[in-house]
Amino acid sequence: MSDYVMDADHPGLAMDRGVQDVLGKGIDRIDGVLKVMGAATYGYEHQVGDQVAYGYLITAPAAKGKVIGFDTDAARAVPGVLDIIVDDPRIPRQAAGFVPAKRGNAAIDHWDQVIGAAIATSFEAAREAARAVRVEIEAEAGRFDTLAHVTHASGPPADSRLKDVAKGDIEAAMAEAAACIDQVYSTPHQVHAAMEPHASIAVWEGKKLTLYSSLQILGAAKAVLAGALRIEPGNVRIVSPYIGGGFGGKMLGPEAVMAAIAAERLGRPVKIAMARAQLFHNVYRRTDTHQRIRLAADADGKLTAIGHDSVVSQGPDGGFMEPVALGTIALYAAPARHISHKIVTLDMVQAGAVRAPGEAVGMLALETAMDELAEKLGRDPIDFRKLNEPAVDPMTGAPFSTRRLVECLDEGARRFGWANRSATPGSVREGEWLIGMGMAAAVRINLLIDSEARVTLGSDGRARIETDMTDIGTGTYTILAQIAGESLGLPIDCIDVKLGDSDMPTGAGSGGSFGAASAGSSVALACEDIVAELAKRMDTSPENMTLKDGHAIAGNRRVSLDTLVGDAPLVATGKISQGSNARSFSQAAHGAQFAEVAVNAVTGAVRVRRMLGVFEAGRILNAKTARSQAIGGMIWGIGYALMEGLELDTRYGQFVNHDLGEYHVPVHADVPHLDVHFIEDVDRHANPIGVKGLGELTISGAGAAVTNAIYNACGVRVRDFPMTLDKVL
Ligand code: MOS
């Protein structure tokens, strides 16, 4: 089934009428046992026979310049070496997309750029050989400092969702305001830092290539890989059933292309994983951001001006722009609005999507600024936000599909004990610790992406779901089983879910928090067709039939599904298209973030004591996996506020903290008690199953709740993130 017309009055799907009672329940991950047993197969782990060879990437020892030549004699002499590949024109040049070298194949575009690979009979030999290759280069001075090159910046790309806006007279509004702020907030370069590195195994059979890898979106990866190798996409199969973290970074990596080139040259399977340090320079980064925020309000506390002007950076060939103001344009209205983005080209790896591109860093700044203005106005920060809650989309004037932000704020305030907060910074003390509470609003745009799935109801009464949709650890296997279980009246253990193989119907893949809505809709629509066929066989209509525990019930008849199916399995394909959601409505998910912190008055150390997130993201498909997404996002907020950041050596264009020892992310000791509460709804305008994107919503605003709590604790504002203790002190 496709062509589903989104309509709030739609009678609903089989899953809406379902009585199996599996949808929404906090069911354990159906792939969980495999994962804890070590039996789930990740990118580097697929068994492809004993002929497999090992590769190690050779990278450039400069950020800009030219490769003059290679001395590979010592490398070729390493025992076990099979090939040193430095001369193939298909060697990928950049982190994603592999833009063919506009500056020639010898050009070096960023530090540690892949320029070849050593292949050997063991990983150790390949690594030794790669390190033995002498690269002769002509280094040039590079551009590494975003603000130093801002005069050469460009504006948003033509296809950008975020256009520059200059409406009303912001200067006049600032001059006339009862209170205003004009501050610059900056965030550093960041990376995904997934636990599982990018890893690929390439196997050729004649013209056909199979790539086992760790990838979020297989359809896109297939096209990019075929393009890089200059072969037909139809000759590429990608297998990626389990993924050890993605966060936007698990798009096709240079190791995949090098493995495919090497396997073709050697006529045997080749596997390559990027080394941890290589990941920090060869997977795209999140740009640094420099955000000027101007806010003005009148004596009634109404916003009269909003300005959000950002400077971001990009590599020489990158097309992506960090949409810093994405949350800003969705959240608040004001007569004077100024939104702009400037992109500075640096001689660094491409900037790309890192978890919640736009909102993660934009809302960190905006919601800190809102806290600053609330204080200047002498208003409670929650009341200030409620006062400025718009009735329609502030940018487009479109009605909201659903927007329950005020409920999130109120419910959060009640659950967190906001009434006990002292509004005066530095007024609550426990020994040498100063205690404070902060909050922030959260918003994330809602997306729907083309997605297809096949559902088969077998003669044994079991159902099978097949799609090349991926599960990056978010719980896709489980929620798809729940949707099918509820639709078809089957217990979860009667459903087999097959994901992550590009030979299956093309799913949305994982990204942009569109996975559950898109892939889930395709499964629900496939089930619709199967239910219709079952109803026909029961001589009734779908609405007059009940499906439960593997039986169809209509009137006084109860027939088991295996009997009803008979010898020929029922097969249906469900398809949702990205154009099919009701774009006449403004669609976003919303939330409220709360934090309580303790700041050490002697050392400046910050301890987050507890956090609460209250979120409205439409229907919640699985209470447990949804909560896990939420606490993951909130933990990321702690990281963004307090510790995460790449340290750039501006002499060389190298990130010096290129490992997980020095790229700090929160560890268990940094993460306090986290509470999550969902305000459930079904957003019929968004997609058939009424789900809105959740994962990235939960990052949005989380960092600002922490920084606002720090201010409430000790009266210190830091606008240059991360807010490390030296800055707090
Ligand atoms: Mo996300 S940064 O779109 O995987």
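Among contacts in the protein chain between residues at least 6 apart in sequence, 83% join residues at least 24 apart, where a contact means C-beta atoms, placed from the backbone, within 7 Å. This is a predicted model, in which local features need pLDDT of at least 70, side-chain atom pairs count only at pLDDT 80 or more, and totals for chains, interfaces and linings use all residues. Residues are numbered from 1 along each chain as its sequence is written.

The protein chain holds 18 helices and 29 strands, taken as DSSP runs numbered from the N terminus (H or I, at least four residues, for helices; E, at least two, for strands). Of its 729 residues, 57% are buried, meaning that 20 or more other C-beta atoms, placed from the backbone, lie within 10 Å of the residue's own.

Helix H17 covers residues 702-714. Because its 13 residues should span 18 Å at 1.5 Å a residue, the 19 Å between its end C-alpha atoms agrees; the expected span is 1.5 Å times one less than the number of residues. All 13 of the 13 residues of H17 are buried, so the helix is largely enclosed by the rest of the structure. Gly715 follows H17 and has a positive phi, near 80°.

Which residues of H10 meet H17? They are Met363, Leu364, Glu367, Thr368 and Asp371, and their partners in H17 are Gly703, Ala704, Thr707, Asn708 and Tyr711. The spacing has a simple basis: an α-helix has 3.6 residues a turn, so residues three or four places apart point the same way.

How values were computed. Buried ≥ 20, exposed ≤ 12 C-beta atoms within 10 Å, placed from the backbone. Contact = placed C-beta atoms within 7 Å.
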